[in-house]
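Me: Could you walk me through this one? I'd like to start with the strands and then move on to the contact between the chains.

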Amino acid sequence: MATTQAEQRVGAREIAAPRRLARRTRNGPAAVAFTLPALVIFAVFTILPTAYTFVISLFDWNPLNVAQSRFIGAGNYTKLFAHATPSFGASALTSLYFTAGMVLGGTAISLAVAVLLQRGGALLGAVRVAVFVPHVTPLVATSIVWVWIFNPQFGLANAVLHAAGLSGVDWLDNSATAMPAVLAYSLWHEVGFTVVIFLGGLSVISGELGEAARVDGANRWQEFWYVTWPQLRPVTVFVVTISTISSLQAFTQFFLMTQGGPVHATTTLSFLLYQEAFVFFHTGYAAALAVVLFVVTALFTLLQFRTRRSSSR
Amino acid sequence: MPISPLTRAVAVLAAGVLAAGGLAGCGAGSSSGKTTVTFMEAMSAGTLKPSLEYLTKQFEKQHKDIDVQLVSEPDYPTLRNKETASLAAGKPPTIGQAYSDWAATYAKSQVLVPLDTYAKQADVDALYPGVRSDLYLPSDHKLYMWPFNKSVVIQYYNQKMLSAKGKSAPKTWDEFAATARALSGNGTVGVAIDPGGAAGPAGGEAWFEILAAAYGTPVFADDGTPRFTSAAAVKAMTYLADLKKAGALSLGKNYPGQVALGAGKGGFDISSVASFFYNKQAVGGKFPMGTAPLPSGPAGAANQMAGTNIVMFAKASDEEKKAAWQFLSYLSSPDAQAYWASHSGYLPVTPAALPKMADFVAKNPYQKFGADALKTAKADPPYPWVTKAQGELAVAMQSALTGKQSPAAALADAQKQAAAEAKSGE
């Protein structure tokens, strides 16, 4: 049955009226009032401190006596590239080392584990729980446990080496092994989360395509490489992005396991920021570091939004 | 549904209440009619906490008009952060523990009160000479600190292990190296140390400083100038690197010397007298734990006075400052120091305390030779850059002991960094 133009206009008006009301309700004073508490808390604890950090980054700041602080403009930012050991650049490279290890290693391991565990069943269900459990353990407590695992005299890691007839390693005290040791711990802690994400992805992809590939003679590897993984592209992008952001922000394990050493081998940007701000009290310089780290992390967050949007189209 | 003005008003009011609630609790205050002295300290572990609490209660009993509130922090780095944060917020405690280089930084920022107006010359003269000289800042030669928990480094050893090898406590560093080598092997190490790192030096770094002094040149000149590339410093670093190469020294974290000694897998622990009760607990009576003064080097005996002093912050009222000084005087009195030393492991800051703790000294001879060392032991010079420079030395130790660099090259790098920091005066 055809509708007349008048009926359409009335109908449109009938639909538009509640929409306008809803919009007014969403944007009206009451709505603002309801969001005010959250806004106040967000402003006090996030927005204002962020802005204040930017202000501090323009000063040679004396936290003990603000009156002795001196405006130096971009001085702290130029110092980022000329500061003594460890430099901003060296720490950025260390962060990159850790991030690459976590993103490449973490993505590969979690994808492999997820593929192995996707079939289900009571035993595999228990293994899934076992893989996820490290992720819910507190970073502080488990970092301390892993310091003991890497203890050169009493630790489990060297006990295994000795049992195999090999000599022990100063895991956390040698600049060549400290970062791999922290990476081993961090992967143990983080992989459970990304495995769950990949398992979620595997549960919604089409099984028919894989079946068709097998009928066409593809082996298991070819099926995974050419059929399964391409379907997991959005999930992989998400895992890579979120792992990159969390790796750039990682701090606890470096604080507890290595204190940025030995010989600055694990001084990431996050640790350098802590060290400059709360050990050496170079507050202005640390604020400049924080601003740069904020920008880098924000760029990765934007990238995440972009890739999400493009993969959902 | 249209929203009535009443609903809006209620919503706005509710939001206001919630917001106010969120902001509430930022301030707190109490008044008991007494003068309150807040003391920010890090004596929070083991026997330290109950000992300080006991002394505080005794003081309050003697001074009914003063209320001392202990603000306990878990460790020195946290303590410094909290003191800095409280100063930044404009609400510092009345007094706080501080190392001399912290005090130098605070004084430079004009947030400390000199204590010259409170302390009489007789009060200062009653202290050990080494303790006394650590209370003044070179910037204006005024008395900014008052002593509290002082320590020197001694050697702890496994008597059973040494006896089994026919050895006794070494008297020279060469003897020490020979004994440590003899004890090492089959899972046992002569000595385990933690040098710390750039973010903070640890006990191993203090040992290196003592070794350099024992070889003839302390790593800092009296004016704070770093001397990390002296022949003595290179010899000291080479000494430690050789021990490491020989398997007689291992690196670790979280008091590795104490852990190895306690487990019967370490011959020695080179550590502060303040470790005495912790080491005793770690050993747990499994074998007799010996204590001895540090061995001597070619330049004679050397030791380092560690531990903190107490500073008074400028923000306090005159009444609070006066009450705080009474508390500081009490803490350094012979009776209080005798109690403190007998229960904490630290050394008394005044020789007048020793007769009052004769029984404890008889049973624990380390207190006597430790206190004797206070006559000559030197603290690191009180300049703001010293702790950071010590961190550079810790990094040099990490590098040299793991074979990444030669001792001379590692120390040269540390010297470059430390000299730049000293020049900047930070």
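Reply: Two strands pair if DSSP finds at least two bridges between them, and strands (E, at least two residues) and helices (H or I, at least four) are DSSP runs numbered from the N terminus. This is a predicted model, in which local features need pLDDT of at least 70 and side-chain atom pairs count only at pLDDT 80 or more, while totals for chains, interfaces and linings use all residues. Residues are numbered from 1 along each chain as its sequence is written, with chains lettered from A and ligands numbered from 1 in the order in which they are written.

Me: How many bridges join E1(B) to strand E3 of chain B?

Reply: Two bridges join E1(B) to E3(B) (residues 95–98), and these strands run parallel. In E3(B), B:Ile95 is the bridge partner of B:Phe39.

Me: And in what sense do E1(B) and E2(B) pair?

Reply: E1(B) pairs with E2(B) (residues 66–72) in the parallel sense, over seven bridges, and B:Ser72 of E2(B) is the bridge partner of B:Glu41. With helix H2 (residues 48–62) of chain B, E1(B) and E2(B) make a right-handed β-α-β unit; right-handed means that, with the strands pointing away from the viewer, the path from the first strand over the helix to the second runs clockwise.

Me: Why is E1(B) largely enclosed?

Reply: Six of the seven residues of E1(B) (residues 35–41) are buried, so the strand is largely enclosed by the rest of the structure. A residue is buried if 20 or more other C-beta atoms, placed from the backbone, lie within 10 Å of its own, exposed if 12 or fewer do, and partly exposed in between.

Me: Switching to the contact, how many residues does each chain put in?

Reply: Chain A puts in 37 residues and chain B 38 residues, where two residues are in contact if their C-beta atoms, placed from the backbone, lie within 7 Å. On the side of chain A that touches chain B, helix H2 (29–56) and helix H13 (269–279) of chain A each supply at least two residues, and H2(A) gives the most, with eight residues.

Me: How confident is the predictor in all this?

Reply: The complex is given an ipTM of 0.82 and a pTM of 0.84. For chain B the mean pLDDT, the predictor's confidence in each residue from 0 to 100, is 90, and 92% of its residues reach 70 or more. Over residues 1–30 of chain B, however, the pLDDT is below 50, although this stretch has 22 contacts in the model beyond near neighbours in sequence.
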